[in-house]
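Please look over the two-chain model below before reading on. The notes after it are arranged by topic.

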Amino acid sequence: MEGSLAKESARKDILPGNTTKTLVPQVEVARVVKPAPPRYRNEIAKYIIRRSSDCTLCGKCAEICPHGVHVLKPGYKLFSAPHLNVCVGPSCAQTDHYCIDLCPNKALQMVENPMLKAMGDYRWTPDMLMATWRMAETGEPPSPEYGYDYQTGASGGGLDRLRFKFPEKPPVELSDDEIDTSIVLNRRDDGRPQVKIDVPWYGGGMSFGSVSNVIQLSKARAAAAFNTFTCTGEGGYMERMKPYDDHVITQIATGLFGVREETIQRVRIVEFKYAQGAKPGLGGHLLADKVTPAVAKMRETVLGISLFSPFPFHSVYSIEDHQKHIDWIKHINRRTLISTKVSTPNDVDMVAVGSYSAGTHIVHLDGGYGGTGAAPDIAKKNIAMPIEYGIVKVHRFLTDEGIRDKVTLIASGGLRTAHDIAKAIALGADGVVVGTSELVALGCIRCSRCESGRGCPRGIATTDAELARDVDVEWGTQRIINLYSAWRKELVGILKRFGMRSISELRGRADLLMHLDYTNDVETR
Amino acid sequence: MDIGIIERLLRSRQRLTEDLGISYPASYKGEEEGGCGVVGFCATEPVAARHIHEPSRQMHNRGNGKGGGIAAVGFIPEELGVTREVLDTFSMVHVAFLNNGVRKELEEKYITPCFDVEASSQLDTVDDWTDIPSLEAKPPDVMRYFVRVKPHVLDSFIAKNGFGQLSREDAEGEFLSQQSVRLNQEYYASLGDKKAFVMSYGRNIMILKVVGYAEAITDYYKIDDLKAHVWIAHQRFPTKGRVWHPGGAHPFGAIDTALVHNGDFANYSSVCEYLAQRHIYPQFLTDTEVSIQIFDLLSRTYKYPLEYIIEALAPTTELDFDRLPKEKQAVYRAIQATHIHASPDGPWFFIIARTLEASDRFQLMGITDTSMLRPQVFAFADGEVQVGLICSEKQAIDAALHSMSKDDSRICPIADRYWNARGGSSTDGGSFIFTLEKGEGGRYRMSCTDKFGSPVKLPSGTEVADLNGTITLSGGNGDGIASGVREHFDSGVAAVFHFFTENMPRWSLADVSRACEGLIAVAEDSRQFAGAIEVLTLLNDRRYDGGTKKRKHILHIVRTALRELFSRLPSIAEDIPASEFRLVNYGSRNLLREPHAGETTLVIDTLGFPPEGMDCNSALLVDAYVKGWRKFIVYNCAGQRFTGCGLGPQTWDVAIDVYDSDGDYLGSGIDGLTITVHGNAQDQLGQIIKDGKLVIHGDTGQTFLYGAKGGSIFVLGNAAGRPLINSVGRPRVVINGTCLDFLAESFMAGDPFAGGGFVILNGVTFDDRGNVVDLKEPYPGGNLFSLASGGAIYVRDPHRYLVRQQLNGGDFFRMTDKDWETILPYLQENERLFGIKVDDLLTVDGKQRRPREVYRKVAPAKLSATAEIESDEW
């Protein structure tokens, strides 16, 4: 695998013996796409095919459908429930195998699934949810014949109104394997190891507590497969994560839950979470229902009592305190890189440059579009600056200060698709952090009940042992690997259209973007 | 209608701003400011500027070299080339020229037409600024003018503005102030390309600032030897990258006053609004500038006494407000109602130096915000020469005192008292003021009072040592005292210590010194090293009756002896037969090796080590641990950080003893080891501590044990603000003094009976004889155990001072036998460590009581029925 840790640094030389002592053998996960069908028998689909009593069970529909929607199992008298999620919908009418037309008795009828009206939201449209499921199932961008409108949401603003200005044809013709999607995370040249990730994103912080350990583990394994990272969030470091230490970012957040020297010493990146874009200034919340015995034990708190992380760090009220904080972690772990996660207040440019001067390697801007159901609705997208403004503001300011290439700028907060990722990079970020998308890959339906212990119908944002059993680690890993693969293909596709050999060429190319409301450009497809 | 002088002043300033075309801004955007390092000291004898060097240098890590400043008040006239009369009656104006071309024009416009200039000079500088490494840009040329307003100019100023009610002096002050605004507007605020600005104005006061570190100023302007009664210095950490002039650096001045500031305001624009409504506008766009503007407004326009000014800045709230006398409440309520918008919100700490009316009285004061979000330490060194100090970190105080004592043997490097202020409180008001006044015989004497005017109490000893002569530490043993020490050595360390404490009350300081020499002589035999160190350590840590001797002088002798002993240890570089101890210092750090047979303890002399980074002594300690060392002594500390951090888990066999002024974050994250701090400790100690033992023979600073998860922790003195916030698991803590406020907020440490955590707060201190006595109240703060869901606090509160109002989510529970059984082992260990007897703790007003009559238990009001944590499911 490209850029594995051993090649990147002579780590043994840098480390005192005791900080390697806790390392356990690292498990490799193959970056192989394999079908990972949905875990529910009747996956939510865009279209529904109804079969009337006129059906004579002739079997014609099953015979002609290349996708396998209709299933008449041998020995059964009736059709099984159709596999609607593989049905391409009305676009099939253009083909020679459109079951609705070809049914000799006209017993089949196709309608749009009424459930879609209740599913998702403006930010995560039903099409985007289903397309993400599809990618997680197949590892490919969904074929256009499905008709998913998934590259943007329907929020009517932000990234949803940005489009790329693709040239008519690429300035140079490139093949897929000529295109590099990797980014480096240490630009300080400070003697600490270089860390390179193969894709310009890593997984966001979700604590054991906010999600189950199966989810955390699936994310970590997928991160290992793609030589990127996942983040523990604030809530401790599971024993089972240790085989993936090299792909884990451990978070130090304001509650300091589960943070120990040992956990800091395991990892290659430590993230300071000052604020979350979805709820800046509100600290962290883990409500009582989710503080199960295992969570309480991990965090060493009281069972069934809500856990509030304060805002801000009680030990950090200024930039020199922040520097001291960073120095402390650099002292504890001599090889780790430091990421500073902040939200996007009005003076985010100053925050970024201050973080840089305090010694951070990664400035992580978390905008206001993100957040699961656990973030209060009143806060989400109402406090932090929209991420598309934040990125540009910081990118330009760092450039003017002459330090843009000394720091890695990572954006997050409501980045949902490969197109969002590309847009964030074009606006000036080096890479992004994704969160909700991974949960969607695992079957999340955006019902926004993440804060409640047994509220997650999909067994994701839960710490309830019974619900968590709904997800299998191998399956979860595969779903995220598949999503990542599909995204990478899409990114490569975008770069190809611009004739760019590397994702870093796209960085800061806001000139390649148009805003449907503010510029007079005409959208190209 | 007579509109009163306040209104006249405000109207006059309104005309001024209209004249200058300063318009009411649509919004306020201040320059981003980080935190900073601040230091201030004052002395009854003028002291040289170079003494700000060492404390400033030690606080480099609180700035980033992009802004430094100093201010001085109370000069010696001859050093400035003027007579006493001129210094006392004329105002000093310092103007910084960023563009020298404008000097003539500026003088003709703003100086010569309206001022009688008694003397003027350009401050001398070194030839090439690049020779001074801690400068980042060429400092401005500075002109100093001694001026008085021309009588006819002042007459017409008074007439025009209707200032008849003002004294001529006050009118002159207002004229100077307005003239400074005019000058700054034309040559600074209105320009993109800044040309000049007024650094300071007023009697007997000077401010200088540079783009660089503060101590570069004395080098660049060649004023190392310039003496003044009061000095303040500031290291700035502006977050913006490119800074080419020091306009935004601290200190900021108003008439007769200079202010430095650590922190920043969350309500900058609201404070600006408040000022704009009074026709005052910032010209340098920093929150420090508006701070001095508020201070100046309240002091000079509203003529508030200092107490009310402090109240307006840091309002008294909550329980503290309720505890004020009724009459004071009425006044404070009115002040808060009127001036709450002038109260800076957020973390801030001010140090202010000023000349008082008579121009030969000087003041140095520190004011902390109500929530005490910035670090602050005060110290008073009494004696023939008195010194008052205010700093961000205690080690900076030590550095300043040490530097001064090298120049003047009447100054002891240890202060009589170190303390913190409790912001917006009813106890001290969050502020202390050192005032220098001429006493009998025309010599200056210093007093220190809190916001309410109550003097700070100092230890009673008066006898001082001659710091030049007494401590020779020759190792001589010709007299009875030294032989007494030697004889007792055969009976063990306790016997020697007893010999010392028994004789201490009647010994002179010279005797103490001889006794310490005797100890060193005994240690010539390397097998006795450990014993000698132990005795001296006990003398350093423990409280005992010192007779009439000043305790700080005893401590100075003991610590000098300790350092002497350590320095005599065999170096790691030497190839001599094995000894128990090995010494390593900055020079020999690269020779670090595995311990040889028989070597147990590595002694690290931290002199010269940087406070953090790959080359710091704490990193060396980690390396030594990896090589197999397990016992450490760390001494000569001057703010070095992270001691004991980074050793990783399972370090039960490690012990670290720390002497002198250790830095922040000591023991943060330890998991098994034992750290003993032989003296006061700094901020952020023991964060996320997992397991192990932390013993502090003194006070400790802010956010002590934040997020702690376990360990046994013993503190002889006080913890400052916000100890044990967000602590979980099973930390078990004994604090013998008290805390400023917010003890154990969001404490989540389970059930003390089932292995959970707790805090024992004893609320005691020592009298001058070394006896344990009660503090006035065990816990003065308004917030105790707020929002806590687990664990407990056991407060020694026999007089029932604590009230339910102090709790938010907690409740008082009856002490049971089980509670006593749970905490007793910790009180016994406390007795062993500090000599605070359990029996003494249970003695109230001379009578032995039962534990439940003395201790009160605070626990979560709603104890979860299912509080027992079940086993791990995976």
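Predicted model: local features only at pLDDT ≥ 70, side-chain atom pairs only at ≥ 80, totals over all residues.

Residues are numbered from 1 along each chain as its sequence is written, and chains are lettered from A and ligands numbered from 1 in the order in which they are written.

**Chain B overall**

- The secondary structure of chain B consists of 23 helices and 33 strands; helices (H or I, at least four residues) and strands (E, at least two) are DSSP runs, numbered from the N terminus.
- The C-alpha trace of chain B spans about 85 × 65 × 60 Å along its principal axes.
- A compact globule of 874 residues would have a radius of gyration near 29 Å, and the 29 Å of chain B agrees; the radius is taken over C-alpha atoms, and the globule rule is 2.2 Å times the number of residues to the power 0.38.
- In chain B, 56% of the 874 residues count as buried. A residue is buried if 20 or more other C-beta atoms lie within 10 Å of its own, exposed if 12 or fewer, and partly exposed in between, with C-beta atoms placed from the backbone.

**Seven-stranded sheet of chain B**

- An open sheet of 7 strands runs in the order β7-β2-β8-β1-β14-β13-β15 (chain B), with antiparallel pairing; two strands pair if DSSP finds at least two bridges between them.
- Its edge strands, each pairing on one side only, are β7 (205-210) and β15 (417-419) of chain B.
- Strands β1 (residues 37-48) and β8 (residues 227-235) of chain B pair in the antiparallel sense over 8 bridges, and B:Phe41 has B:Trp231 in β8(B) as its bridge partner.
- Helix α14 (residues 394-407) of chain B packs on this sheet, and its direction makes about 150 degrees with that of β14(B). Axes are lines fitted to C-alpha atoms, for helices over the stretch in contact, and angles run from 0 to 180 degrees between N-to-C directions.

- Strands β10 (residues 257-263) and β11 (residues 348-355) of chain B pair over 7 bridges; B:Val260 has B:Ile351 as its bridge partner in β11(B).
- Because 13 of its 15 residues are buried, α10(B) is largely enclosed by the rest of the structure.
- Just after α10(B), B:Lys303 takes a positive phi of about 55 degrees.

**Contact between the chains**

- 62 residues of chain B are in contact with 48 residues of chain A; contact requires C-beta atoms, placed from the backbone, to lie within 7 Å.
- Helix α20 (residues 617-627) of chain B gives the most to the side of chain B that touches chain A, with 6 residues.

**A:Arg31**

- A:Arg31 lies in the loop between α3 (17-20) and β1 (47-51) of chain A.
- With 16 other C-beta atoms within 10 Å, A:Arg31 is partly exposed.
- Leaving aside neighbours within four places in sequence, A:Arg31 is in contact with A:Ala225, A:Phe226 and A:Ile481.

Methods: Contact = placed C-beta atoms within 7 Å.
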